[in-house]
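Here are my notes after going through this one. Have the structure open while you read, and check each point against it.

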Amino acid sequence: MIPFVDLKAQYAHLKTEIDDRISKVLAHGQFILGPEVTEFEQALASFTGVEHVIGVASGTDALQIALMAEGIGKGDAVFLPSFTFTATAEVVLISGAEPVFCEVGCRDFNIDVEDLKHKIERVIDEGRLTPRAVIAVDLFGLPADYSALEKVSEHHDLFLVGDGAQSLGARRGDKRVGALAPATITSFFPAKPLGCYGDGGALLTDDDERAAHYKSIRAHGKGEAKYDIVRTGLNSRLDTLQAAILLAKLTVFEEELEVRRRLADQYDDRLNDLVQTPLRDNTSKSAWAQYAILLDDRDTVAARLKEKGIPTAVYYPKPMHLQPAYSRYGDGEGSLLVSEDLSRRILCLPMHAYMDDAIVERICNTVRGVVGV
Ligand SMILES: *Cc1c(COP(=O)(O)O)cnc(C)c1O
């Protein structure tokens, strides 16, 4: 079986740098908010072109902190795409607000701006909830349409936050993810484009006030002095050891993104006459967290590929509006047809920067051999 994501190969490549970074932390012993955390935050800020990066314990916590800092809670509506990872919806409910699930585009798989406008109008007409925020997800690494989303958000005075858990390193126009929305979150979960060796995440923003808020919330809501508690916060700091690992990985991140892009091009060339391959547009460069194709007989193809040593993954088999935990906030089966269709047909192929052209060739040949058989 070839690996779906090869963290061992990446470690073999970066072993000296990673081991060295880890030993330094073990030697200085500042495990919580040690110097590597600030060093990494500054390095990532300059990489993404944003003013502030605030390292936290996970991407999920980063989303929650973003909502907490805006005071979003009971009686508020937060709009998000239904076709996403559960964390995007979960944080809305933890905050006490209600999720409003929106449709996604059938080609970019990101929030459908027309449906978003329609859902905002509906919430206003109903008058029960106050529209407060939009969480845009950059699914599989492709940035959402932030210029259109910013217009809608400004028009309705909504907080726009980008869920860039899968898209760190991606670009839209001349900007990187992090600089595309008033606030962006990302995740360093091991399998994400920039992953650590445990859980980790960050908030990215140009806004000084938001950055100060985020820093306070990640450390129990502290004020200027350590035991001065000025708001309800969390215990959600990025570990020093994880920051040290991320510093080592950040040195090769740009090269890794280039390799992913090259492999995605190769997948496209070999598969686009056979199956629906990902959207390509001139304005964006995906981080290629996933390479997803669409197939009518998805489950059969996945099973045959597995028999032939090719692992695949289904992200995601059920849209949020049909999840048992969230379905009472949605309009049921048949209400978001694109999201439902994608969840039946999506299939992700192996994608990581430590795979070569020969492996992609083998995967594509195997896919060609089993599709439509
Ligand atoms: C991974 C992911 C998250 C959550 O990140 P964690 O670090 O695992 O908490 C949130 N949103 C999306 C779209 C993700 O893919």
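Predicted model: local features only at pLDDT ≥ 70, side-chain atom pairs only at ≥ 80, totals over all residues.

**Notes on the model**

1. Trp288 is not a glycine, yet its phi is positive, at about 50 degrees. Its relative accessible area is 5%, so Trp288 counts as buried, the cut-off being under 20%.

2. You'll find Phe140 in the loop between strand 4 and helix 6. With a relative accessible area of 5%, Phe140 is buried.

3. Strand 4 covers residues 130–137 and is mostly covered, with six of its eight residues buried. On one pairing, strand 4 runs parallel to strand 2 (residues 76–81), and four bridges connect them. Within strand 4, Thr130 is the residue standing opposite Asp76.

4. Strand 4 also pairs with strand 5 (residues 159–163), again in parallel, through five bridges. Here Ala136 has Gly162 of strand 5 as its bridge partner. What handedness does the β-α-β unit made by strand 4, helix 6 and strand 5 have? The unit is right-handed, with helix 6 spanning residues 146–155.

5. Gly96 belongs to the loop between helix 4 (86–94) and strand 3 (98–102). Is Gly96 buried, exposed or partly exposed? Its relative accessibility is 34%, so Gly96 is partly exposed, a class that lies between the 20% and 50% cut-offs. Leaving aside residues up to four places away in sequence, Gly96 touches Gly73, Lys74 and Gly75. The C-alpha atom of Ile72 is 7.8 Å from that of Gly96, although the two residues are 24 apart along the chain.

6. Leu26 counts as exposed because its relative accessibility is 53%, with the cut-off at over 50%.

7. Last item: the peptide bond between Tyr315 and Tyr316 is cis, with omega about 0 degrees. Tyr316 lies in the loop running between helix 9 (298–307) and helix 10 (337–345).

Methods: Residues numbered from 1 in each chain as written. Heavy atoms only, no water. Helix = DSSP H or I, 4+ residues; strand = E, 2+ residues; numbered from the N terminus. Buried < 20%, exposed > 50% of the residue type's maximum accessible area, 1.4 Å probe, protein only. Contact = heavy atoms within 4.5 Å. Pairing = 2+ DSSP bridges. Right-handed = clockwise from strand over helix to strand, strands pointing away.
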